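Please keep the sequence and the model in view while reading.

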Amino acid sequence: MSNVIVTDHPLIQHKLTIMRDKNTGSKDFRELLTEITMLMGYEITRNIQLEDVEIETPVVKTTCKMVAGKKLGIVPILRAGLGMVDGLVNLIPAAKVGHVGLYRDPETLEPVEYYSKFPTDIEEREMIIVDPMLATGGSAVAAIDILKANGAKTIKLVNLVAAPEGIAEVQKYHSDVDIYVAAIDEKLNDHGYIVPGLGDAGDRIFGTK
């Protein structure tokens, strides 16, 4: 079963509360999303491998630690996931960025892929899928399906706010994918929105309705 890691640092909870407020405008919403994603990045990257390197300080030669091993890739689910990319790239400038575009079929309500592009060495990278909301879980499951079909071997899912239903859906189909969230909310309402949630993340990021 997937691990669910809740990064409930006081700064994350404080910033998330401001994001939830309906009076918070798009500019502040975007900036807070970037800041929270950076703070979550510490936990997401906790298990990155290190290697010894020799450097020379102004005082003496010494052996220190630097990041080694598996390279990283970041994959936002379009379009709201774009709001989380800068926060991780600021922390991990060498990460490659792919994209997955999905829309919901109005009849079947199933996610349909309309765009995808990934690093050519996807199988060698730890891929981090980002999307602010994990609601029904349909888009997350579809994105993971697509990454695995393209060769991804190691995948993490990172969401700002999750509903229990969405977590259960990802665990049902992808028990090998760890889920990182800033908060697990109460439930989904009849329209598939997370309660209490923060509304439509894409609309709030980009100022659309």
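Which residues line the second largest pocket? In this predicted model, its lining is made up of Arg104, Leu109, Glu110, Pro111, Thr136, Gly137, Gly138, Val141, Ala142, Asp145, Glu169 and Tyr173.

**Second largest pocket**
- The space in this pocket comes to about 220 Å³, and its lining divides into 5 nonpolar, 3 polar and 4 charged residues.
- Helix H4 and helix H5 (164–173) each supply at least two lining residues, and the largest share, 4 residues, comes from H4.

**Largest pocket**
- The volume of the largest pocket is about 740 Å³, and of the 26 residues that line this pocket, Arg104, Asp131, Met133, Ser139 and Asp200 are the closest to its centre.
- Two or more lining residues come from each of strand S4 (71–78), strand S6 (99–104), strand S9 (133–134), helix H4 (138–149) and helix H6 (201–206).
- By residue class, the lining of the largest pocket holds 14 nonpolar, 8 polar and 4 charged residues.
- Arg104 is listed in the lining of the second largest pocket and is also among the residues closest to the centre of the largest pocket.

**Aromatic pair**
- The structure holds 1 aromatic pair, formed by tyrosine 103 and tyrosine 114, whose ring centres are 6.4 Å apart and whose planes lie at 35°, so the pair is tilted.
- Because tyrosine 103 lies in strand S6 and tyrosine 114 in strand S7 (residues 111–117), the pair ties together parts that are 11 residues apart in sequence.
- Tyrosine 103 is partly exposed, with a relative accessible area of 40%, and tyrosine 114 also counts as partly exposed, at 47% relative accessibility.

How values were computed:
Residues are numbered from 1 along each chain as its sequence is written. This is a predicted model: local features need pLDDT of at least 70, side-chain atom pairs count only at pLDDT 80 or more; totals for chains, interfaces and linings use all residues. Side-chain values use heavy atoms; hydrogens and water are left out. On a 1 Å grid over the protein atoms alone, a cavity is a set of points where a 1.4 Å probe fits but cannot get out, and a pocket is an open set with protein on both sides within 12 Å along at least five of seven lines; lining residues have an atom within 4 Å of a point. Grid points are joined across faces, edges and corners, and a volume is the space filled by probe spheres set on the points. Ala, Val, Leu, Ile, Met, Phe, Trp, Tyr, Cys and Pro count as nonpolar, Asp, Glu, Lys and Arg as charged, and the others, Gly among them, as polar. Rings of Phe, Tyr and Trp (its six-membered ring) pair if their centres lie within 6.5 Å; planes under 30 degrees apart count as stacked, over 60 as edge-to-face and the rest as tilted. Buried means under 20% relative accessible area, exposed over 50%, partly exposed in between (1.4 Å probe, protein chains only).
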